[in-house]
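Please consult the sequence and the structure shown here while reading.

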Amino acid sequence: MEALFVTKLGDPTLPQTSPDSPTVLSTTTPIPPLASPTSVLVRVRATSLNFATYLQILGKYQEKPRIPFVPGSDYSGVVEQVGPGVEGLRVGDRVCGLAAQGSFAELVVADENELIPVPDGCDLVAAGALPVAFGTSHIALVHRAHLSSGQVLLVLGAAGGVGLSAVQIGKICGAIVIAVARGDEKVQLLRSLGVDHVVDPSQGNVTQSVKEFLKERKLKGIDVLYDPVGDKLTKEALKLLNWGANILVIGFASGEIPVIPANIALVKNWTIHGLYWGSYRTHRPGFLEDSLKELLSWLARGLISINISHTYHLSEANLAFAAIRDRKVMGKVMIVFDGPGAARAKL
């Protein structure tokens, strides 16, 4: 089968023909055997490329797999084979799941309890884009910050995978959503999703723009800050927070980890939540499963939509990583495998 291996740490945007490339495409990898009676072999239809994957291959992520390894986390596909102890899945069922690593391959093995059936009405490629991005925002906003109707949500990096999921879930919760994204195309996409106010940092001061919007709406400030960016943007956003605000630390796409002053957090009674979605797989797997089932039901009912910005085949993985690095992405980047209606690269 086809699989992408990381054989050393380095820049995954380099062509695989380059001697400096950290990745090697194998077309003769053995099909993985079922590991237990409850194992399931899944033929992958699509797997998501997340910023964390990019950092992991660079050697800059907190989880460092032993080399060589096959990268990749959330994916979707069709059940190819089931172990004798599998009760809830059959060959041909459509599923999505999350792997610690290994989804950049045509076939993956997972335990039955690690897979979620994809309901009718859900596009299978879209289902493969859902777990990490929408799962992160769902747990962060609904279960950690308890975002409620009428509250004000500020989303930084709002046109990325987690950002677009956050603004949509914010609207489902009934919040007033303010989004920060750079570039007219991203601004227009966010407005089409019903965002109440969009700020383009390249066109003006973020703090001033948000303050003017809040004043116009007779609002006191931000109740929930959703921050996958870090750096100076976080520092500016802190000036806008209400007493009792919730700060959701999602990631550091800027490469800079911000400092949140503990003395101000004390005086203003802020609650700071660190949100590493992947750890729920270890510590609260049932909670994670319930979250994903709710999200898939929302997707099937059209309450959320997944904007797939770019799709590539596995042989084009370096282009997919370059799209992430160069901030060309609006929503998700997907690696797709040949099958009915398989997509080609969207550049």
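The model is predicted: local features need pLDDT of at least 70, side-chain atom pairs count only at pLDDT 80 or more, and totals for chains, interfaces and linings use all residues. Residues are numbered from 1 along each chain as its sequence is written, and side-chain values use heavy atoms, with hydrogens and water left out.

**Helix H10**

Helices (H or I, at least four residues) and strands (E, at least two) are DSSP runs, numbered from the N terminus. Helix H10 spans residues 317-325 and is mostly covered, with seven of its nine residues buried. Buried means under 20% relative accessible area, exposed means over 50%, and partly exposed lies in between, as computed with a 1.4 Å probe on protein chains only. The buried residues of H10 are Ala 317, Asn 318, Ala 320, Phe 321, Ala 322, Ala 323 and Ile 324. Among the elements that cover these buried residues are strand S1 (3-6), strand S3 (39-49) and helix H1 (51-58). Strand S14 (308-312) and strand S15 (332-336) also belong to this cover.

Arg 325 is partly exposed, with a relative accessible area of 37%. Arg 327, which follows H10, has a positive phi, near 55°.

**Salt bridges**

A salt bridge is counted when a side-chain nitrogen of Lys or Arg lies within 4 Å of a carboxyl oxygen of Asp or Glu. The structure holds seven salt bridges.

| Pair | N to O distance |
|---|---|
| Glu 80 and Arg 43 | 3.1 Å |
| Lys 293 and Glu 289 | 3.0 Å |
| Asp 326 and Arg 325 | 2.8 Å |

Glu 80 forms its salt bridge with Arg 43. Glu 80 lies in strand S4 (residues 74-82) and Arg 43 in strand S3, so the pair ties together parts that are 37 residues apart in sequence. Glu 80 is partly exposed at a relative accessible area of 35%, and Arg 43 is partly exposed at 35%.

Lys 293 and Glu 289 are four residues apart in helix H9 (residues 285-301) and are therefore separated by about one helical turn. An α-helix has 3.6 residues a turn, so residues three or four places apart point the same way. Lys 293 is partly exposed at 42% relative accessibility, as is Glu 289 at 27%.

Asp 326, which is bridged to Arg 325, is partly exposed with a relative accessible area of 36%. Elsewhere, a network of salt bridges links Lys 171, Asp 196 and Arg 217.

Methods. Contact means heavy atoms within 4.5 Å.
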